[in-house]
Amino acid sequence: MTAIQEPTIKTTPFDDLIADFNKIRSLYTVEEPLEAFKLIIDQEVMISLILEAHSKIRELFPSERLGLEVKTDPEIANWRSLWITIYTKLEVDEAVAKLNILDDSWWLEAKIAAPKNDLHISLEWEPNEI
């Protein structure tokens, strides 16, 4: 008696892209997911950067909320870029120092290694509840 083999499921590059984007959505609060996904499709190199950024950011900002959003410039037609935002309650000096460490230890080299992308990392401050 021969064993019945389960058919192997082949994934397409688009299926992989969707799976990666779903993973990104589990790590970041994604504003306007459809717009973010369109930008990622246009610049697939961003996927690995966004995923790697999460672990690098967590080393310095272990519990901050992380957002991912598409920003536009009203003065430049069709200009769109993707921003990872670190929402923090740290003092300004401490947060900026940590962002500088991230830049120096990983981000600047990663950005140079993948030059054709519009991914950026920024800080914003969460309001302190009184």
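Buried means under 20% relative accessible area, exposed over 50%, and partly exposed in between, computed with a 1.4 Å probe on protein chains only. This is a predicted model, in which local features need pLDDT of at least 70 and side-chain atom pairs count only at pLDDT 80 or more, while totals for chains, interfaces and linings use all residues. Residues are numbered from 1 along each chain as its sequence is written, and side-chain values use heavy atoms, with hydrogens and water left out.

**Stop one: the sheet**

Select the strands (DSSP runs of E, at least two residues, numbered from the N terminus, as are helices, which are runs of H or I of at least four residues). Four of them make an open, mixed sheet in the order β1-β2-β3-β4, where two strands pair if DSSP finds at least two bridges between them. The edges are β1 (29-30) and β4 (119-125), each pairing on one side only.

Now select residues 65-72 and 80-88, strands β2 and β3: they run antiparallel and are joined by eight bridges.

Axes are lines fitted to C-alpha atoms, for helices over the stretch in contact, and angles run from 0 to 180 degrees between N-to-C directions.

Next, select residues 92-113: helix α4 lies across β3 and β4, at about 170 degrees to β4.

The structure holds five salt bridges, each a side-chain nitrogen of Lys or Arg within 4 Å of a carboxyl oxygen of Asp or Glu. Show the side chain of glutamate 35, which is partly exposed at 24% relative accessible area. Lysine 38 forms a salt bridge with glutamate 35, with the closest N and O atoms 3.3 Å apart. Both residues lie in helix α2, three residues apart, about one turn of the helix. Lysine 38 is partly exposed too, at 39%.

Move to arginine 80, partly exposed at 22%. Its side chain meets that of glutamate 35 in a salt bridge of 3.1 Å, N to O. This pair links distant parts of the chain, with arginine 80 in strand β3 and glutamate 35 in helix α2, 45 residues apart.

Finally, select aspartate 42, which is exposed at 58%. Aspartate 42 forms a salt bridge with arginine 80, the closest N and O atoms being 3.6 Å apart. Here helix α2 and strand β3 are again linked, across 38 residues. Display Glu35, Lys38, Asp42 and Arg80 together: salt bridges that share partners join these residues into one network.

Methods. Contact means heavy atoms within 4.5 Å.
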